Amino acid sequence: MNKPAPQRASPIGFSGETSQSADIDAVFELSACNSLPQLDAAKAKYIGKNGIITLAMKGLSELAIENRKTHGIELNRQRDSVEKTYAARRQVLEHIKQYDSLAAEAIDVTLPGRGRGQGGIHPVMKTWQRVEEIFASIGFDVADGPEIEADWFNFTALNNPPNHPARSMQDTFYVDMNGTDGLPLLLRTHTSPMQVRYARMHAADVMAQGKPIKVIAPGRTYRVDSDATHSPMFHQVEGLWIAEDISFADLKGVYTDFLRRFFETNELQVRFRPSYFPFTEPSAEIDMKFESGPLKGKWLEISGSGQVHPSVVKNFGLDPEKYIGFAFGSGLERLTMLRYGIGDLRLFFEGDLRFLKQFA
Ligand code: PHE
């Protein structure tokens with residue numbers, strides 16, 4: 001249908017016999033156009049300012065009077081016919097254009113989806129939850145405290161005054177702002193400040209109602225330390241049990257029970273190895289040894305602990321002559337590594353799904 005329209009000076013034979021009408025050529029030509037610019041050009045060729053039909057109309061005045069009317073009517077009809085064809089083809093081309101752009105934007109709904117991976121709980125968080133469950137079941141309250149801590153709570157109240165050499169055991173990050181004690185705030189180096197915060201909040205109940213302080217405080221802690229077994233951010237769980245008669249034997253019983261439930265085995269031994277912390281006296285590292293499984297036979301350090309130092313009990317707002325008890329602080333990463341046999345602590349913080357998926 002792409003037949004080129006024959007060029008001719010006049011659409012009709014002015015001599016009288018109307019041979020082939022220009023509008024027939026125009027209908028063929030316009031109907032064959034495949035784009036709007038092409039269609040507009042074809043329209044101009046016939047009925048534009050210098051179009052074939054337009055020029056013929058201008059030439060009517062040269063005709064003999066008696067022929068003008070019939071030729072005029074014929075030329076009008078031809079022009080109308082071209083205009084109709086133009087409008088019809090234009091509509092078709094616009095539809096095609098719209099369809100093409102819709103098709104280009106279309107989404108292929110038959111493509112397979114990207115999938116929605118199922119999330120999972122981080123292994124350290126799993127340990128956190130487990131620790132809370134186990135201690136809650138033996139009557140421990142669960143408390144939460146600030147990670148940006150005052151010097152007094154993190155060190156001084158724990159029998160670790162400014163310039164005390166034991167402070168260097170826990171090098172920390174300082175915040176560029178002073179606390180109410182006039183010393184720079186810091187990122188807590190352990191969860192032990194929660195001993196002081198929680199005990200001070202509950203000291204009145206202890207004295208009035210004889211209610212023991214029995215709490216764990218899990219949370220994030222920070223130290224200037226980074227290698228395969230240390231991360232600048234890590235997690236601890238603090239434990240504190242204070243009443244009139246809580247002894248090291250209670251610590252041993254509670255902690256051994258906790259470990260057996262946490263590792264889901266009774267085949268483990270616990271020992272207390274003398275150590276030093278400013279806030280406990282005596283102090284001990286708690287070690288454990290599996291009697292079966294891949295870690296069988298090796299003593300593993302698992303927690304710091306001790307009997308709360310009398311000066312610290314005093315800072316709780318309690319009489320150290322009357323109240324006594326124990327505290328411990330255990331690393332949640334360490335517990336997690338031993339439970340799952342993970343060798344490098346940094347795996348917890350790299351966010352590698354190949355590692356994390358194993359715990360989902
Ligand atoms: N806070 C100590 C540490 O982070 C652990 C600890 C807690 C020791 C409670 C004794 C009692 O190393």
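## Exposure of Glu264

A residue counts as exposed when its relative accessible area is over 50%, and as buried when that area is under 20%. In this predicted model, Glu264 has a relative accessibility of 56%, so Glu264 counts as exposed.

Glu264 sits in the loop that runs between helix H8 (248-262) and strand E7 (268-277). Its phi is near 55°, a positive value in a residue other than glycine. Most residues other than glycine have a negative phi.

Asn163 is not a glycine either, yet its phi is positive, at about 70°. Asn163 belongs to the loop between helix H6 (151-154) and strand E3 (174-178). Is Asn163 buried or exposed? With a relative accessible area of 77%, Asn163 is exposed.

## A cis peptide bond

Most peptide bonds are trans. The bond from Glu281 to Pro282 is cis, and its omega is near -5°. Pro282 lies in strand E8, which covers residues 280-290.

## Overall form

The protein contains eleven helices and ten strands. How does its radius of gyration compare with the globule rule? The radius is 45 Å, while the rule gives 21 Å for 360 residues; the protein is therefore more spread out than a compact globule.

The box filled by the C-alpha atoms points to the dimensions involved: taken along the principal axes, the box is roughly 135 × 50 × 40 Å.

## Domains

The domain assignment gives two ranges: domain 1 has residues 16-104, and domain 2 has residues 123-359. How far apart are the C-alpha centres of domain 1 and domain 2? These centres lie 92 Å apart.

## Burial, contacts and surface

Of the 360 residues in the protein, 43% are buried. Contacts can also be sorted by how far apart the two residues are in the sequence. Among contacts between residues at least 6 apart in sequence, 63% join residues that are at least 24 apart.

The protein exposes about 19600 Å² of surface. Carbon and sulfur atoms supply 54% of that area. As for charge, the protein has 41 positive and 45 negative charges, and the mean positions of these two sets are 7 Å apart.

Key
Residues are numbered from 1 along each chain as its sequence is written. This is a predicted model: local features need pLDDT of at least 70, side-chain atom pairs count only at pLDDT 80 or more; totals for chains, interfaces and linings use all residues. Side-chain values use heavy atoms; hydrogens and water are left out. Helices (H or I, at least four residues) and strands (E, at least two) are DSSP runs, numbered from the N terminus. The radius of gyration is taken over C-alpha atoms; the globule rule is 2.2 Å times the number of residues to the power 0.38. Buried means under 20% relative accessible area, exposed over 50%, partly exposed in between (1.4 Å probe, protein chains only). Contact means heavy atoms within 4.5 Å. Accessible areas come from the Shrake-Rupley method with a 1.4 Å probe; for residues, only the protein chains shown count as cover. Lys and Arg count as positive and Asp and Glu as negative; His and the chain ends are not counted. The place of a charge is taken as NZ of Lys, CZ of Arg, CG of Asp or CD of Glu. Domain bounds come from an automatic or database domain assignment.
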